[in-house]
Structures are given as structure tokens and as C-alpha cells.
Amino acid sequence: MQLYDPTTSGPQRELLRAPPLTSLDGKTIGILENGKLNATEMLRELARLFEDRHGCKVHAAYSKSNASAPAPAQILKKAADEVDFLITGLGD
Amino acid sequence: MTLSRPAKDAGEPFMSIAARIHEVPDNLLAAIDYCYEKGWTDGLPVVPPTLERVHATLEHEGRPPETVIATHPATGLELSLHAAAVNAVMAGCLPEYFPVLVAAFEAMDKPDFNFHGSTASTGGSAPLLIVSGGYADDIGMNADVNLFGPGNRANATIGRAVRLILRNVFQMVPGISDKSTQGHPGKYSFCIAERMRGNPWPLLCEAQGYPKGVSSVTVFAAGGFCNVENHGGNTPQQVLSSIADAMASYGCITLGQSVVILAPEHMRILADAGWSREEAQTYLFMHAKRSVEGMRAVGKYRASEYEKQHGAHAHQLVETGYVHRGLAPEDILMTLGGGDAGGHSCFIPSWSRGRGSIMQHKPIGVCIDCN
């Protein structure tokens, strides 16, 4: 008996990871808040730890209006141009 | 407006899709077990997707099997007609059900439906499909007694195929990319037909503006089902106030949309009083509300949500000092369904606390203005 595989999707895409940072010291950190209650406060506090421990510079926060939808491409592109690394969070 | 049915692909029907094929022992139970072992099921046994059954299903769709009908916005995973047919077979669909499944995913693919968010979220919603028009009768769907319950192959298997596609093609696997806190039974299957018999209101497909004879499927990211019992009320206000109370319960009230399926006993009360769908929607919107003080008392008040409802674009029926369910009467889909006996209607809330998913619809088996 021959069965089709039900998990077949479209053509495989080539996905690349960004090269890892060799050090966090002095890097510019971005924050992407997702609109959830207290998201901005929590992420700012997290960013402050990077400031204290690694001398990072915190960039103005990026925002997306819908927590459950992917961040708009233009926001991610802007962030990629402006910061060395970005932190975000999911959930409440 | 032009209607068309996609022309048959003249080329080799299954050569252009890189579908993987698994060789399994020529034994039905072993094949079912193989599907379990591969992680392809929703926990219940599936029909092994043999090549012949999948090809027969694709006969009900004229476009090439590699045609993509939905794309996951975060992962880029794509749903081809071929993959949809494989999962339809596994769910137990007959080939003639396939156009409903295709239309449902074309509707879910609209960005405002946000099928990624509504499936991945802790909210634990399921896509509710409401099939409207003659096609539901053509394929033997149930719009009558035990509407949301078991017993009808089309209802059960079309809804199940939606779940299998979310799991198998889009990899929305419970615990990994489906983080539902509790989920609900509709995540196995949640598909009904709109009842035409005795329905005093325009069918949904008519209200949606489709040409005469064209059926539609509406998709709604649905939370759990809430039964609304009222056997004593005999005016539209009494019946609808019961429903409005369910819609405005502290556990359910959000700015989201609603589905209300009126039982025939309840619908007759409205129809005898001459109430239109629009009048009923307006009544529900006006009465499904909670005071700001009450919302604060249970910790659910958010100023940004209040502003969204009461700001510059507020509906004229919005009442100061109250949070209504939804943003406007049109946010409440209302129609007829269920068996003749019993004062049991239902309210089904939308997923999310806000406007994370907006219901969508598509025509079944036809393409409008595609030429």
C-alpha cells in the first residue's frame, strides 16, 4: 500500500541564522514590545540588566500592534539596521 | 461580477508536486497504526491516504495540485491543494466535500483571520466553519437536530480535516506551536451548516452578497460553546436578553466578535414578532455590556480597549460608562440552526481579548471576478 505524506508543504526555503555576536559589551540593544499588558515595563527592565552588566545602549522600543501576528517586515528590517540584537517576549 | 470554475490542468496531474510517498504493508490496520506512529493524527484513527483516494478528491478541484491556497505567515509553510486533499482523505472526507475545505482555507488565509495567532495562542480557539447555501444540502450536511454533535459525516470530517491540516501541514502541534491552555472539543471538529428550512432571514451567503446559487463558508476563530437555555421567554426581548447575558458574562466579554445560532423555537419567537436579523443584532449589541466599575472589579478593565470602543470611531449605540461586547452590531453573526424542539440556542465567543481575528468568508467551488 502506498500513502501520501500529509505533511508536505511547499518548496523548501533557505533559512539563514544571523551570525552570533562574539560579545555583548557595548552593543546596541533593541526592544520589540508586543502590546501585551506590562510588556514594555518587563522588557525595559530586562534591557536595563544588559545596560548594567554589559554596558549596552538601549535603543527606542519598537512596537507591533497585534501580539499574535508576526512583526511587520518593515519593523524587523528597521531594527536590523539600527541595533546589534533585539529582545522580545511572548505571552502575558 | 463574473463566476468561473477553474479550468482543468491539462498537464500531468501529479508530476509537479514533490509529495512524499510511504510504502506500508498491504494491511489496513497496519496502515492506520503507521499513521499513528508518524504523528499524523489528532488522536483518533485516520483513513490511510492512499494515492487513489487522494486523486479522487483532487478531481473535485480544477486547479493544479501544487496550487497554494494558504501560507503560514510566520513560518512560510504552504498548503497546496494536494496536501489539503491528503488530509481530507485522512479525516474521512468524501471527495465532494473538498470544495468546502478549500474555500475554508482560502478564507482563513486572509490576513485578518490570523490563523497562526488563533491556533498558537493560549486562548485555545478552533476554526468554526458555517456552510451556507445549497451546497450544504448537496453534500448532506446537518443543519438540524444535534447540530454541533456527532452523527453526520460531512460536518464531522470537514471540520476534522481543518485540524489535521493545521497539525500536519502547518505544524501547529499541541504543546509546541499550539499552546492552548485548555483548548476545547471543537478543536477536533467544528463545522456546521446553516439551517435553511424555516429560516425567516436571508441566508448568510445572500447577506454576504454572493450571487444566487452560490454557497459560502464562513470561518470564525471560536472559543468554547455556550448553551443558552430559555424555555419560558416568549418575546424577542426575553430570548435575546438571555443571550446578551451570556455574551456579557465576565468570563466572555471582550471587544471580539460573536456567533449566535438561534434554535428554531427561539427564532420563531423573533420571526412571529417580525424582527429582522439587523434588529436582533442591534438588541444584542445594546444589551451585551458591562459597566466600567464592574469590569474594574474583576480586573478586566483596560483603558486602551475602552478608548477603542468609545473613541472617534465609536458606534452610535455605544453607551458611556459601559464596555459592550464587540464594536458594532455587525460583529454578531446570527442565524438559524438546530432541531425543532428545545429552547436551546448558543453563543460562541471569538478567540482573544480583542480583535485578534476577524471572521471571513469565501464562496464554495467558484471563483468570483477571477478572469
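Predicted model: local features only at pLDDT ≥ 70, side-chain atom pairs only at ≥ 80, totals over all residues.
Residues are numbered from 1 along each chain as its sequence is written, and chains are lettered from A, with ligands numbered from 1, in the order in which they are written.

Let me begin with chain A, which has 2 helices and 5 strands, where helices (H or I, at least four residues) and strands (E, at least two) are DSSP runs numbered from the N terminus. Read from the N terminus, the order of these elements is β-β-α-β-β-α-β. The radius of gyration of chain A, at 18 Å, is well over the 12 Å that the globule rule gives for 92 residues, so chain A is more spread out than a compact globule; the radius is taken over C-alpha atoms, and the rule is 2.2 Å times the number of residues to the power 0.38. Along the principal axes, the C-alpha atoms of chain A fill a box of roughly 65 × 35 × 25 Å. Of the 92 residues in chain A, 15% are buried, a residue being buried if 20 or more other C-beta atoms, placed from the backbone, lie within 10 Å of its own.

Now to the place where the chains touch. Here 34 residues of chain B are in contact with 15 residues of chain A, contact meaning that the C-beta atoms, placed from the backbone, lie within 7 Å. On the chain B side, strand S2 (21-23), helix H2 (51-58), strand S4 (78-80), helix H3 (81-91) and helix H7 (153-168) each supply at least two residues, and the largest share, 4 residues, comes from H3(B). Strand S1 (residues 2-4) of chain A runs antiparallel to S2(B) and is joined to it by 3 bridges, where pairing requires that DSSP finds at least two bridges between two strands. Within this pairing, Gln2(A) has Glu23(B) as its bridge partner.

Finally, consider Leu164(B), which sits in helix H7 of chain B. Is Leu164(B) buried or exposed? Leu164(B) is buried, because 24 other C-beta atoms lie within 10 Å. Leaving aside neighbours within four places in sequence, Leu164(B) is in contact with Pro6(A), and also with Asp42(B), Asn87(B), Met90(B) and Ala91(B).

Definitions and conventions:
Contact = placed C-beta atoms within 7 Å. Buried ≥ 20, exposed ≤ 12 C-beta atoms within 10 Å, placed from the backbone.
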